[in-house]
Amino acid sequence: MTEEMIIAGFGGQGVLSMGKIIAYSGIMDNKEVAWFPSYGPEMRGGTANVTVIVSDERISSPVLHQYDSAIILNQQSLDKFEKDVKPGGTLLYDPHGIVHPPSRKDINIYRVLGTKTAVEMENPKVFNMIVLGSFLKIKPILSLENVKKGLEKSLPVRYHKLIPLNLTAMEKGQEIVEAMQTV
Amino acid sequence: MGELRLMKGNEVLAEAAIRCGCDGYFGYPITPQSEVMETLMERQPWNETGMVVLQAESEVAAINMVYGAAGTGKKVMTSSSSPGVSLMLEGISYIAGAELPCLIVNVQRGGPGLGTIQPSQADYFQAVKGGGHGDYKLIVLAPSSVQEMNDFVDLAFELAFKYRNPAMILTDGALGQMMEKVELSDYKKRWTENEIAEKWGSWATTGKPSSRNRNIITSLELDSCKMEMNNRRFQEKYRQMEVEEQRYEMFSCDDAEYILIAFGTSARVCQKATEIARNKGIAVGLLRPITLFPFPAKIIGELAPKVKGFLTVEMNAGQMVEDVKQAVYEAGCTRRVEFYGRMGGIIPSPGEVVEAIERNFL
């Protein structure tokens with residue numbers, strides 16, 4: 001199993017930390033992992049993205065130009081990365097702020113109303129965990145048990161009290177994800 | 001097995017320094033390597049191992065602090081990124097001339113000038129051909145994973161002290177910024193004053209006992225005959241490194257018709273390119289130099305008669321390719337050596353590399 005993914009959105013949406021949780025959870029699952037962020041001017045201009053690879057084998061290139069999956073959280077990122085999803089690959093997006101939804105016919109497209117749900121849950125900070133829950137529903141590459149362990153590992157102890165809330169958000173994400181197109 | 005952690009390459013450099021018994025770090029922040037000093041400051045090793053961490057007022061000051069501390073036989077280091085390393089070159093030349101061991105880390109970014117903060121390998125010439133003035137060489141190690149960012153800190157110090165020569169870890173922004181699984185090294189104790197006097201008392205300025213003459217640390221020798229003798233000694237040392245320290249790693253080279261040669265991040269890209277090419281039925285292998293100086297010329301000479309051609313892949317306009325050509329030439333071979341590279345902070349994609357193989361050789 002090798003899953004090569006890109007997570008992209010605005011700075012502050014929790015893009016990099018979502019990637020970090022996936023990577024940590026991968027380690028808990030005895031997988032090889034790589035996490036490669038955008039850094040510098042891109043990030044300072046407001047958009048952030050991270051490439052995450054989870055694999056059973058030694059990871060060759062941490063830098064990719066084509067992805068098995070893309071998690072897209074704003075229009076700029078959709079414009080930039082929709083074309084880089086491998087044919088037959090998967091794109092998950094949050095429609096909040098999206099004017100031109102994905103249009104490719106050769107990939108699986110899923111939608112999650114993450115922003116809306118986070119507001120309804122009265123906690124915008126769990127937005128990324130809702131989206132992560134949705135992603136793991138479509139692509140069960142990691143067990144929830146290992147994600148829980150990954151959270152324990154990646155969060156400082158003083159935030160451990162927030163883990164149950166994050167897990168609830170992930171469960172919510174698993175419930176609300178919608179398939180828009182499957183190939 | 002030690003504890004597995006998920007860490008950035010830069011953070012690992014800092015952690016490895018603490019764990020290998022480093023005595024001091026002197027640096028000045030610059031993207032994309034600022035996490036090295038940030039991590040050190042956060043870890044506060046002065047409370048734990050007694051390691052000194054100091055933010056100097058500039059790169060020039062930092063390298064001269066390294067020079068001074070190295071003269072006392074301490075294990076000391078600095079890190080910077082390309083423009084910062086350029087500022088340090090005068091000091092590095094002095095350290096090489098005074099024959100002092102130390103570690104310099106260059107987390108490269110694209111140049112020339114201030115250039116970009118994205119990853120690059122355009123400082124290859126600067127690292128392996130001298131950089132500063134005078135006939136000197138650094139021992140240059142090129143990690144290609146976060147794990148090697150850990151492992152090479154201790155190795156660099158070991159080689160630096162073995163040869164009384166500055167060592168450099170030449171890496172780039174991608175390896176500095178990315179996180180991978182890493183098994184950290186066990187703690188080594190810092191050398192005590194007695195141990196330093198015992199090991200390095202023949203040259204280090206540790207305080208003169210009555211039993212020996214003064215140790216003098218200097219790169220200055222106004223008597224040309226003596227200066228030439230010094231140079232001869234340096235050159236002998238460099239030749240000895242070439243005999244004893246050439247390091248590399250090979251992937252799928254046994255039956256390869258074409259061999260990719262790449263280091264650091266480029267080598268990771270080429271590993272993927274090798275897999276893609278093999279799936280297309282092209283017999284491609286990868287040779288990854290680990291020491292850039294001494295350059296692994298011997299293995300290239302051995303491979304040359306067995307293959308149809310080499311493709312060197314770098315994140316620059318073609319620098320290491322000259323050493324590859326030289327190695328093939330010295331082996332008495334006429335194999336084609338081609339080059340593919342991207343510049344200015346762009347990392348080539350595995351697909352581009354495969355296309356370059358097809359364009360050049362098929």
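Author: One term comes first: a residue is called buried when its relative accessible area is under 20%, and exposed when that area is over 50%. The model is predicted.

Reader: What percentage of the 362 residues in chain B do buried residues make up?

Author: The count applies that cut-off of under 20% relative accessible area. Taken over the 362 residues of chain B, the buried share is 60%.

Reader: What radius of gyration does chain B have, and what would a compact globule have?

Author: The C-alpha trace of chain B spans about 70 × 50 × 40 Å along its principal axes. For 362 residues, a compact globule would have a radius of gyration near 21 Å. Chain B agrees with this, as its own value is 21 Å.

Reader: How many helices and strands does the secondary structure of chain B come to, and what share of its contacts with a separation of 6 or more joins residues 24 or more positions apart?

Author: The secondary structure of chain B comes to 14 helices and 14 strands. Among the contacts in chain B with a separation of 6 or more, the share from residues 24 or more positions apart is 80%.

Reader: Into which domains is chain B divided, and how far apart do their C-alpha centres lie?

Author: Chain B is divided into domain 1 (4–183) and domain 2 (248–361). Contacts between them involve 29 residues of domain 1 of chain B and 24 residues of domain 2 of chain B. The C-alpha centres of these two domains of chain B lie apart by 26 Å.

Reader: With which residues is B:Leu292 in contact, leaving aside its neighbours within four places in sequence?

Author: Leaving aside neighbours within four places in sequence, its contacts are B:Tyr124, B:Val128, B:Val140, B:Ala142, B:Leu170, B:Phe263 and B:Met320.

Reader: Which side chain of opposite charge is nearest to B:Glu59?

Author: B:Glu59 is found in helix H4 (residues 59–70) of chain B. Apart from neighbours within four places in sequence, B:Glu59 is in contact with B:Tyr28, B:Ser80, B:Gly84, B:Leu87 and B:Met88. B:Glu59 is buried yet has no salt bridge. The nearest side chain of opposite charge is 8.2 Å away and belongs to B:Arg109.

Reader: What is the N to O distance in the salt bridge of B:Glu35 and B:Lys8?

Author: B:Glu35 and B:Lys8 are both buried. Their side chains meet in a salt bridge, with an N to O distance of 3.4 Å.

Reader: How many residues apart in sequence are the parts that B:Asp323 and B:Lys129 tie together?

Author: The side chains of B:Asp323 and B:Lys129 meet in a salt bridge (2.6 Å, N to O). B:Asp323 lies in helix H13 (residues 320–330) of chain B, and B:Lys129 lies in the loop between helix H6 (124–128) and strand S6 (139–141) of chain B, so the parts tied together are apart in sequence by 194 residues.

Reader: Is B:Asp323 buried or exposed?

Author: Buried means under 20% relative accessible area. B:Asp323 has 14% relative accessibility, so it counts as buried.

Reader: Which residues of chain B is A:His65 in contact with, leaving aside its neighbours within four places in sequence?

Author: The place of A:His65 is in the loop between strand S3 (47–55) and strand S4 (67–72) of chain A. A:His65 counts as partly exposed, at 36% relative accessibility. Leaving aside neighbours within four places in sequence, A:His65 is in contact with A:Asp84 and, in chain B, with B:Ile347, B:Pro348, B:Ser349 and B:Pro350.

Notes
Residues are numbered from 1 along each chain as its sequence is written. Chains are lettered from A and ligands numbered from 1 in the order in which they are written. Side-chain values use heavy atoms; hydrogens and water are left out. Contact means heavy atoms within 4.5 Å. Helices (H or I, at least four residues) and strands (E, at least two) are DSSP runs, numbered from the N terminus. Buried means under 20% relative accessible area, exposed over 50%, partly exposed in between (1.4 Å probe, protein chains only). Lys and Arg count as positive and Asp and Glu as negative; His and the chain ends are not counted. A salt bridge is a side-chain nitrogen of Lys or Arg within 4 Å of a carboxyl oxygen of Asp or Glu. The radius of gyration is taken over C-alpha atoms; the globule rule is 2.2 Å times the number of residues to the power 0.38. Domain bounds come from an automatic or database domain assignment.
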